Amino acid sequence: MHLTLKIWRQSSPEDAGQLVTYEMPDVSEHMSFLEMLDVLNERLTEQGEDPVSFDHDCREGICGMCGLMINGSAHGPRAATTTCQLHMREFEDGETILIEPWRAEAFPVVKDLVVDRSSFDRIIQVGGYVSVNTGSAPDANALPIGKEVANRAMDAAACIGCGACVAQCPNGAAQLFTSAKIAHLALLPQGQPERQRRTQRMVEQMEQEAFGSCSNFRECEAVCPKEIDVGFIAMMNREYLRAKLS
Amino acid sequence: MSWIVEFYRSSIGRKVVMAVSGLALFGFVLIHMVGNLKVYLGPEAFNHYAEGLRTIGDPLFGYGQLLWIARIGLLLAVVVHIHAAWKTTQVSRAARPAGYQLRRSVQQTYAERTMRWGGVIVLLFILYHLAHFTFGPDWAHPDFVPGDPYHNFVVGFQVWWVSAFYIVAQLCLGLHLKHGLWSLFQSLGITPDQDSGHGDWRRTFATSFALVIVLGNISFPLAVLAGVVQ
Ligand code: HEM
Ligand code: FES
């Protein structure tokens with residue numbers, strides 16, 4: 001298939017940046033989106049041009065490194081799919097594809113399509129963990145956890161921290177990410193001792209980073225590759241209220 | 001006091017304030033609509049109801065006192081609600097200074113997209129509505145008679161473009177409530193029981209009450225224009 005790519009190119013954080021058009025005359029529909037960009041980059045390298053920078057690692061939808069705004073939606077048109085798991089068969093022959101980096105004050109562009117997501121790391125650093133010596137792995141089922149609770153905790157723990165929620169949110173808010181990270185620990189027995197302190201600290205860190213304010217528009221859950229739902233945001237609000245009022 | 005300021009500074013706390021003030025305004029709007037249905041019972045009943053609002057709380061409160069307390073409470077709720085909405089909008093604008101060339105909504109609805117401008121229209125409506133039926137200066141009402149709300153009501157709505165503005169404003173309010181009455185539960189952390197299998201009762205609540213309020217309120221100008229109330 002023949003595709004026209006319009007890609008955001010920006011040589012450094014200071015550079016103003018611009019869209020650059022590339023023709024891709026021979027794309028296989030079996031390629032993944034990132035493989036298609038690999039082909040472009042090979043060609044650019046051969047021509048002595050600067051290849052397009054983009055983040056990626058596992059390419060199997062589990063690490064959370066990849067993430068592009070494709071035709072105006074985070075991770076492209078397919079629901080519950082990371083950019084690396086998106087295939088070119090989702091597109092039409094002759095289509096023009098617009099590729100932009102995540103855009104948020106808290107995710108500054110480093111180069112081209114690569115953004116700095118360390119604001120997420122800082123939210124985790126203030127409390128997204130359990131500070132007990134866990135020793136060796138405990139025996140399976142030594143700690144009874146109800147099936148529904150385990151399922152729900154697992155739903156939240158599926159978050160890979162890609163940042164699509166922030167990228168898609170009209171408000172640039174990080175509520176879905178932060179709530180998933182708070183919820184998966186708040187639901188489990190191991191997370192109880194630090195439950196309130198964790199919620200407060202993670203929420204306050206989120207507030208300090210330049211994220212926006214949640215309006216419950218649900219765009220985040222629509223693009224989340226792990227289908228994390230906004231029920232967790234309500235849970236975080238409840239946890240935060242409880243921590244503040246007690 | 002300082003924890004309240006700190007709470008309000010957090011985006012979560014601010015949304016709690018919006019939810020509570022929004023809920024108070026919703027409660028008022030609902031009672032207001034139901035009360036106005038008395039217009040269908042004729043001038044006596046309607047004017048008696050309006051007068052009765054001033055004697056609620058008697059003998060604990062004097063004439064009109066409770067009404068004034070309610071008015072002050074409402075004014076406070078409006079001011080707080082709008083300040084929080086304004087602040088929230090500022091914070092969110094600052095969170096994405098460089099916009100996308102293209103951003104497509106996936107599941108955001110029309111009601112959600114219009115919360116801000118719809119809110120502004122509702123605000124303009126509230127201001128006009130107060131001038132129209134409460135204060136009654138010449139520019140707002142053709143023949144305002146203090147103490148005869150039924151007369152003011154009928155004469156007021158006989159001006160077709162005033163009625164049209166009321167209807168548009170009610171549609172905006174309905175959209176605002178369709179999202180807002182669901183959203184407030186999210187903001188307050190109230191969720192349906194995950195495993196009840198009954199779907200999201202918050203949606204049913206929001207859509208039904210938004211509809212009831214819009215239909216009730218729109219019926220008033222329509223009834224006057226159609227000559228049902230005269
Ligand atoms: C009768 C009048 C009004 C009622 C009953 C009402 C009710 C509500 C409710 C229940 C919410 C949801 C709060 C939440 O998500 O926690 C809300 C949100 C909102 N209201 Fe109102 N409201 C009214 C008037 C206004 C006015 C006059 C404005 C602006 C000038 C306004 C602006 C907003 C905005 C922008 C939001 C969304 C905030 C966000 O999440 O980003 N509202 N309203
Ligand atoms: S590269 Fe790891 S999730 Fe896409």
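How many residues of chain B are in contact with chain A? Taking contact as heavy atoms within 4.5 Å, 42 residues of chain B meet 51 residues of chain A. This is a predicted model, in which local features need pLDDT of at least 70 and side-chain atom pairs count only at pLDDT 80 or more, whereas totals for chains, interfaces and linings use all residues. Residues are numbered from 1 along each chain as its sequence is written, chains are lettered from A in the order in which they are written, and side-chain values use heavy atoms, with hydrogens and water left out.

Chain B and chain A bury about 3,700 Å² between them, 50% of it on carbon and sulfur atoms; buried area is the accessible area (1.4 Å probe) that two parts lose on being put together, summed over both. On the chain B side, B:Ile12, B:Tyr100 and B:Gln107 lose the most area, together 17% of what that side buries. Three salt bridges are counted between the chains, a salt bridge being a side-chain nitrogen of Lys or Arg within 4 Å of a carboxyl oxygen of Asp or Glu. B:Glu112 and A:Arg218 form a salt bridge, at 3.1 Å from N to O.

Within chain A, an automatic or database domain assignment gives domain 1 (3–110) and domain 2 (117–132 + 143–245). Their C-alpha centres lie 28 Å apart, and the contact takes 20 residues from domain 1 and 18 residues from domain 2. These domains of chain A bury about 1,500 Å² between them, 61% of it on carbon and sulfur atoms. One salt bridge is counted between the two domains. A:Asp55 forms a salt bridge with A:Arg117, with the closest N and O atoms 3.3 Å apart.
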